Amino acid sequence: LQAGLMSQVRFGAFALGNKQYDQFCSMGKWIDAKMADLGAQRVCELGLGDDDEDINSDFEQWRAKLWAALCPEAGAEETSAPQASFACKMCRPPFSGAGL
């Protein structure tokens, strides 16, 4: 893949692992490095979740940083996604599938 291929992409990554293993969070570290190598812009630093400790707390701390980076105008209080400005509705399938 060529450098700059992802130059229009912004991303954030949270890696899961356990510090007792040699390859702690290796897939998340790899994707974070690969995206940056391809020119993508990090929205926030790579988050590392340690299952041997408190992975939920690790994620909550990273999530707060992510939303602060995504919604700086919301201030420090914003720790979740903003309310969606659209609605989804179920549509009837175009055929019943009988005979398949």
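These legends go with a set of close-up views of a predicted model. Local features need pLDDT of at least 70 and side-chain atom pairs count only at pLDDT 80 or more, while totals for chains, interfaces and linings use all residues. Residues are numbered from 1 along each chain as its sequence is written, and side-chain values use heavy atoms, with hydrogens and water left out.

**View 1. A nonpolar patch on the surface, made by Met27, Trp30 and Ile31.** Patch members have over 30% relative accessible area and no salt bridge; nonpolar side chains (Val, Leu, Ile, Met, Phe, Trp, Tyr) are joined within 5 Å, like charges within 9 Å. Ile31 belongs to helix H1, residues 26–37 (helices are DSSP runs of H or I with at least four residues, strands are E runs of at least two, numbered from the N terminus). Ile31 counts as partly exposed because its relative accessibility is 33% (buried is under 20%, exposed over 50%, partly exposed in between; 1.4 Å probe, protein chains only).

**View 2. The salt bridge between Asp32 and Arg42.** Here the closest N and O atoms sit 2.8 Å apart (a salt bridge needs a side-chain nitrogen of Lys or Arg within 4 Å of a carboxyl oxygen of Asp or Glu). Asp32 is in helix H1 and Arg42 in strand S3 (residues 41–42), so the pair ties together parts ten residues apart in sequence. Asp32 is buried at 7% relative accessibility, whereas Arg42 is partly exposed at 43%.

**View 3. Lys65 reaches Glu45 in another salt bridge.** Their closest N and O atoms are 3.2 Å apart. This one links distant parts of the chain, 20 residues apart: Lys65 is in helix H2 (residues 55–70), and Glu45 is in the loop between S3 and strand S4 (47–50). Lys65 is partly exposed, at 41% relative accessibility.

View 4. The structure holds three salt bridges.

**View 5. The buried residues of H2: Trp62, Leu66 and Trp67.** They cover an arc of only 140° around the axis, so they end up on the same side of H2 (the arc is that of the directions from the helix axis to the C-beta atoms). These buried residues pack against strand S2 (14–17) and S4 (contact means heavy atoms within 4.5 Å).

Conventions:
Accessible areas come from the Shrake-Rupley method with a 1.4 Å probe; for residues, only the protein chains shown count as cover.
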